[in-house]
Amino acid sequence: MSLLEVREISLSFGGVRAISDVTFDVEAGELFAVIGPNGAGKTSIFNCLNGVYEPRGSIKLEGLELTGLPPSKIASLGIARTFQNLALFSNLDVISNLMLGRHHLMKTGFIAGALWVGRAKREEIVHRRRCEEIVELLELTPYRRQPIGTLPYGIQKRIELGRALAMDPKVLLLDEPVAGMNLEETEGMARYILDIRDELGVAMVLVEHDMHFVMDLADRLLVLEFGQVIAVGTPEQIANDPNVIRAYLGEAS
Amino acid sequence: MATDDTALRLLPTRFSRVSIGLVVAVGVLVPFVVSGDFWMTVLVSAGIFAMGAVGLNVLTGFTGQVSLGHAFFLGCGAYTAAYLGAARGWPLPLWLLAAGVIGGVIGGIVGPFALRLKGNYLVVVTLGLVFIGIHIFENWDRVTGGTNGTSTSQAELSLGFTDFRSFSIPGKDFSELQGLYYLVWILAGLFVLVSANIVRSRPGRALQAVRDRDVAAEVVGISLPRYKIGAFVISSSMAAMAGAMLGVQQQFVGPTSWNIFLSIQYVAIIIVGGVGMVSGAVLGALFLGPLPEIVEKYSDKLPFLYEVKGEGGIVSIAAFNEMLFGALLIVFLLFEPRGLAALWLRAKARFRTARSTP
C-alpha cells in the first residue's frame, strides 16, 4: 500500500472538466512533482487532496478515505499544504503562525485557555519548542517576533513552508514554492525542501512551473494536460517521453 | 534555545508589571478620593462598558465578526438580573452566572448565522436581533414587565460577608455606588484576564486565524463552526453579564434601552480603544462609555445644546451624543485605526528609545 493513493478522481465546474480520471501514488518519503501548462488542473488536484473541492473518485491516505471530509479534518489526518499566493495570518507573528500549524496536535479548549492552568501552559511550552526547531531549520530566527505582514515575500514563502511543517504532516503539498522568486531565493528554497526530505522524511507533492527546479529535485513526476495525466515517471523518463515533448514543444511536422 | 517562559507570560516586562500594578492600585484607591455621586456613577458605567466591550472585542476584534447585536445580549442579561435577582431573590453569583449562561446559549443559537454570513451581511442580521429583542422585551409581560419595564432594586448584591450595597472596612464606610464600583471593576478585571488568556493560548490564536484568513485556517485544521460560534458564545455571555450589572445600576430595566445606539456605542468603544487589543476595550470604555453622561452633566455650559425643545440651542443632547460618537469613529478610523491602545504602544516605544539612547 502506498502512503497516498489517488484513484480516478474527476472534477467539473459547470460543464468544464478541470481534471478527469487522474490516478497516481505517492510513496513514503518521496518527492513527487505535478507539472503541466497553465490551467492543466494542478492546483485543482491540490484542492481535492486537502478537501477544499470534493471530486468523484477516491483519495486514500494510509488506506483511509479522504474524499468528503472537511479540510480541517483532512489537515488533522496529516495533509499540510502551502498556497500559490500565500495564505498566512498576516497580523500574527512568525511563532504564532507556526503554532497555528500545530493547532490540530493541541487540545486546549476555550475554558482551559481562559484559565491558563495546567495543561494550557504545559502544552504551549512543548509545542513552542517544536516551532522554535522549525524556525531554526528554516533560518527564520531574526524574524520570529515580527508580524508576517511586514516581511518580504521570499521570507513569507518560507514561513508558510514552516507552518505546513509545524503540522507534522505525513504528506506536504507545496503549491509553486518558488513562484515569483529570484535565482538566489529559488536555490535557497530547493535547499530547504531537500533538508526537509532528508532530515524529516516527509513525503512531498510539489506543483511547479520552473522545469529546472522540478527536474533537479523530484524523484518522480506526473505531467498533466487539460486535466488528464499524459505521463508519470522519473525525471529521465519524463524528459524522453514523446507525449510530454509533444505537449511542451508542439508536434514535429 | 529561545523558548523561554517569559515569552509566555501575560506581562513579560517589568515595565508592564509595574504599570498594571499602578493601574490596579489607583483603581482600588479611587473611592477613597472620589465620593461625589456623579463621578462615581460615571466610573461604574465605565466599568460596565468595559465588561461588555471586552466581550465584543473577542468577537469583533479577535474573530473579525462585526456585530450590532450587542445591545440585545445586554438586554437579555438585564432582564435576567431583574427576573432572577430581584423578583426571585437569587443570590448574586447565581443570577450573574445565569445571565452569562443565558447570554451564551442565545449567542450559541445566533452564532451559526455567522457561518454563512460575512461582513455587512452579518452586521444586518445582528442588527435584526436588536429589533426582535425590543419586540420581545415589550411583549413578554410576565418576565419583562412589558413597556412598563421592571425593577432591579431588590437584586441581591452580596458575596459571602461582603454586601456591595453597603460595606465597610475599619475607618471607612462605602456607599452603594462605591460598592458597585468595586464589583463591576472586579468583574471587568476578570473578563480582561479571561480574554487575555484565551488570546495567548490555542483557542485565541485560532480565532485570530479565522479573522485573518478563514480558508487557510481550515487548511491548518481549525474548525470554523467551532471557533466562530465559540466567539459568539463568549462575547454574548460577557455582554449579558455586563447587561445584568447595568440593569442593577439603573435599578430599572425598560425595553427601549437596548437599542441600536447602545450597540453602536459598543462598536465605537472598541474602535476608539483599539480593535483586537484587550487593553483597547478598557481604554475605550473609560474614554467613551460615560461620555453621554458627562455631556449631559455639562450641557448647561454648552449653549448650543438643549434638553427640552424651545429653550434655545440648536441640537438636543441625545442627538449631539450620537453625532459625537459618529465623529469620533470617523476620526479614529481615518487617523488611528488601531485606537488609543496603539497611541499608548507608540508612546511606550518612544519612551524606550529615548531611554536607550542617552
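My notes follow, feature by feature.

**Ground rules.** I am working with a predicted model, where local features need pLDDT of at least 70, side-chain atom pairs count only at pLDDT 80 or more, and totals for chains, interfaces and linings use all residues. Residues are numbered from 1 along each chain as its sequence is written, chains are lettered from A and ligands numbered from 1 in the order in which they are written, and side-chain values use heavy atoms, with hydrogens and water left out.

**Cavity.** I searched the whole structure and found one cavity of 30 Å³ or more (on a 1 Å grid over the protein atoms alone, a set of points where a 1.4 Å probe fits but cannot get out; lining residues have an atom within 4 Å of a point). The space in the largest cavity is about 50 Å³ (the volume filled by probe spheres set on the points, which are joined across faces, edges and corners). I listed its lining as Thr82(A), Lys157(A), Glu160(A), Leu161(A), Leu174(A), Pro177(A) and Met189(A). Helix H6 (residues 153-166) of chain A gives the largest share of that lining, three residues (helices are DSSP runs of H or I with at least four residues, strands runs of E with at least two, numbered from the N terminus). Domain 1 (1-78 + 169-253) and domain 2 (93-168) of chain A each supply at least three residues of the lining, with bounds from an automatic or database domain assignment.

I put the second largest pocket at about 770 Å³ (a pocket is an open set with protein on both sides within 12 Å along at least five of seven lines). Of its 28 lining residues, Leu97(B), Phe191(B), Val194(B), Ser237(B) and Met241(B) are the closest to the centre. H9(B) gives the most to this lining, nine residues.

**Salt bridges.** Which residue does Asp175(A) meet in a salt bridge? The partner is Arg81(A), at 3.3 Å, N to O. Asp175(A) sits in strand S7 (residues 171-175) of chain A and Arg81(A) in strand S6 (residues 79-81) of chain A, so the pair ties together parts 94 residues apart in sequence.

**Also noted.** Val33(B) is found in helix H2 of chain B.

Methods: Salt bridge = Lys/Arg side-chain N within 4 Å of Asp/Glu carboxyl O.
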